Amino acid sequence: MHPSVDTIWSWLGEVPDPEIPVISLTDLGIIRDVAWDKDTLVVTVTPTYSGCPATSVINFEIEKVLLDKGVEQIRLERRLSPPWTTDWISTVGREKLKAYGIAPPIDGTAADGRAAGLASRLTGQGNLVIECPRCGSIDTQKVSQFGSTPCKAAYRCRSCLEPFDYFKCI
Amino acid sequence: MEAAADQVDRTAYATWLMRMGDNTLILGHRLSEWCGHSPVLEEDIAMANTALDLIGQTQLWLGLAGEVEGAGRTADNLAYLRDASKFRNVLMVERPNGDFGQTLMRQFLFDAWHHAMLTELLTSTEERVREIAAKALKEVSYHLERSADLVIRLGDGSEESHARMQAALDDQWAYTGELSTPDEIDTATAAAGIAPDLAKVGTVWRQTVEEVLRAATLSVPDSTFAHQGGKSGRHTEHLGYILADMQFLQRAYPGAVW
């Protein structure tokens, strides 16, 4: 008999994200579906960013854990729609991110290309209050919209003077 | 393919998709040339991230182009094995980077168009076009906010930065018209509801550009002259050098993978 879909989900819940290993693929919300098609296990994955270089590693990691568990017929499918959103990062995932030193996303603050009002653009300030994941201060400043990976922005804390990543909304 | 695709010439639809993918591919390649050379580390990273998004979007557009074309070509085949005259990107994206100000100005002018175009594509009659547009738009929104922000800061900055940004704008201006000037491919795909009316995209583009340039204290050039040709395969001499760089490995070692 096949392992149940719930069992498969729990296995995938132990696969770390290759770039942010403290959270799992299921915490990240990129596994969209797990289903059996006769004897083939179909895992549907959605990319975070179109060009995310971790995508192929993620697919490899999924295949690896399933093969290790004895599932031999696997088909990975890519689903683009609806596009991945940081809203899908689990509550547990957010806590893990924060403990790791990455400020979790603030839902509903994704850029729409027009959101940055003229005033905020002129002063070069973002309009978000991001709490420093290290010291908890809200006296923080955006350094760059783009950080160490496509999904993060670079910030610095003016209280503890440490730089940190903010997992920006998309 | 869905009904809308059947109403339009397959070749026109595939060509239109190649235009989308070639724009992002060539601009992504140009941006990645800055990697390790930007004036500050944060901008170096931002430029590389933007390039990565654009190249990711290229895989989606060219992948679909290959399917629609139906000749068995993949996104990689289209990127690595076509010659310059088969590329359908606008001339703007293949021009050399120039200084940081020129690169940024081009990026802003392109981002403003890209954002307007993708927004319109959310209501395309083709489901897969809508899906790619929805994905890409999230990324391009960040591109546009960054490039608009920097154009304002540098335009309304020092005497030196203002002069360079105005010179960059004057230099790029004649290459912006091609983005929103429809030809028979645009007209055919718009009639089928796959692509939007380019004139409408151009109007939205113009509003964004004027708003940002005003805040940047830069003057919109008067000229309406537009260089044309890239969309139909007549390119500047610069594209060949990009392809020589980008395609060398596949040409020298056909089928190489890693």
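# Exercises on a two-chain predicted model

Read along the sequence, chain A follows the pattern α-α-β-β-α-β-α-β-α-β-β-β. Keep in mind as you work that this is a predicted model. Each exercise below has a task and then a worked solution.

## Exercise 1: Getting oriented in chain A

**Task.** How many helices and strands does chain A have, and into which domains is it divided?

**Solution.** 

Step 1. Begin with the secondary structure: chain A comes to five helices and seven strands.

Step 2. Next, look at the overall extent. The C-alpha trace of chain A spans about 60 × 30 × 25 Å along its principal axes.

Step 3. The domain assignment gives domain 1 (5–84) and domain 2 (93–167) of chain A. Their C-alpha centres lie 28 Å apart. The contact between them takes 10 residues from domain 1 and eight residues from domain 2. On the domain 1 side, these residues divide into six nonpolar, two polar and two charged.

Step 4. Finally, bring in the database record. An unreviewed UniProt entry carries the annotation "domain: MIP18 family-like" for residues 6–67 of chain A. That span is 39% helix and 21% strand, and its end C-alpha atoms lie 17 Å apart.

## Exercise 2: The open sheet

**Task.** Find the open sheet of three strands in chain A: what is its strand order, and which strands stand at the edges?

**Solution.** 

Step 1. The order is E1-E2-E3 (chain A), and the pairing is mixed.

Step 2. Strand E1 (31–37) and strand E3 (74–78) of chain A stand at the edges; each has a single partner strand, so one side of each is left without a neighbour in the sheet.

Step 3. Examine one pair closely. Strand E2 (residues 40–45) of chain A and E3(A) pair in the parallel sense over five bridges. For Leu41(A), the bridge partner in E3(A) is Ile74(A).

Step 4. Helix H1 (residues 5–12) of chain A lies across E1 and E2 of chain A, and runs at about 140 degrees to E1(A).

## Exercise 3: Strand E7 and its partners

**Task.** Is strand E7 of chain A largely enclosed or open, and which residues stand opposite Tyr166(A)?

**Solution.** 

Step 1. Count the burial. Four of the five residues of E7(A) (residues 163–167) are buried, so this strand is largely enclosed by the rest of the structure.

Step 2. Take one partner strand. Strand E4 (residues 102–103) of chain A pairs with E7(A) in the parallel sense over two bridges. Here Ala103(A) has Tyr166(A) as its bridge partner.

Step 3. Take another. Strand E6 (residues 152–157) of chain A runs antiparallel to E7(A), and five bridges join them. In this pairing Ala153(A) stands opposite Tyr166(A).

## Exercise 4: Backbone geometry worth a look

**Solution.** 

Step 1. Go to the hairpin. E6(A) and E7(A) form it with five residues between them, and Leu161(A) is in the turn. Its phi is near 65 degrees, a positive value in a residue other than glycine.

Step 2. Judge the surroundings. With 10 other C-beta atoms within 10 Å, Leu161(A) falls under the limit of 12 or fewer and is therefore exposed.

Step 3. Move to Pro82(A), which sits in the loop between E3 and helix H4 (91–100) of chain A. A cis peptide bond joins Ser81(A) to Pro82(A), with omega about -5 degrees.

Step 4. Compare chain B. Thr217(B), not a glycine, has a positive phi of about 55 degrees. Thr217(B) is in the loop between helix H10 (198–215) and helix H11 (238–252) of chain B, and is partly exposed, with 13 other C-beta atoms within 10 Å.

## Exercise 5: Where the chains meet

**Task.** How many residues of each chain are in contact, and which element supplies the largest share on the chain A side?

**Solution.** 

Step 1. Count the contacts: 24 residues of chain A touch 29 residues of chain B.

Step 2. Locate them. Helix H5 (118–123) and strand E5 (140–144) of chain A each supply at least two residues of the chain A side. The largest share, three residues, comes from H5(A).

Step 3. The chain A side divides into 14 nonpolar, eight polar and two charged residues.

Methods. Residues numbered from 1 in each chain as written. Chains lettered and ligands numbered in written order. Predicted model: local features only at pLDDT ≥ 70, side-chain atom pairs only at ≥ 80, totals over all residues. Buried ≥ 20, exposed ≤ 12 C-beta atoms within 10 Å, placed from the backbone. Pairing = 2+ DSSP bridges. Contact = placed C-beta atoms within 7 Å. Axes fitted to C-alpha atoms, helices over the stretch in contact; angles between N-to-C directions. Nonpolar A, V, L, I, M, F, W, Y, C, P; charged D, E, K, R; others polar. UniProt positions renumbered as here; feature names shortened; annotations may be inferred. Domains from an automatic or database assignment.
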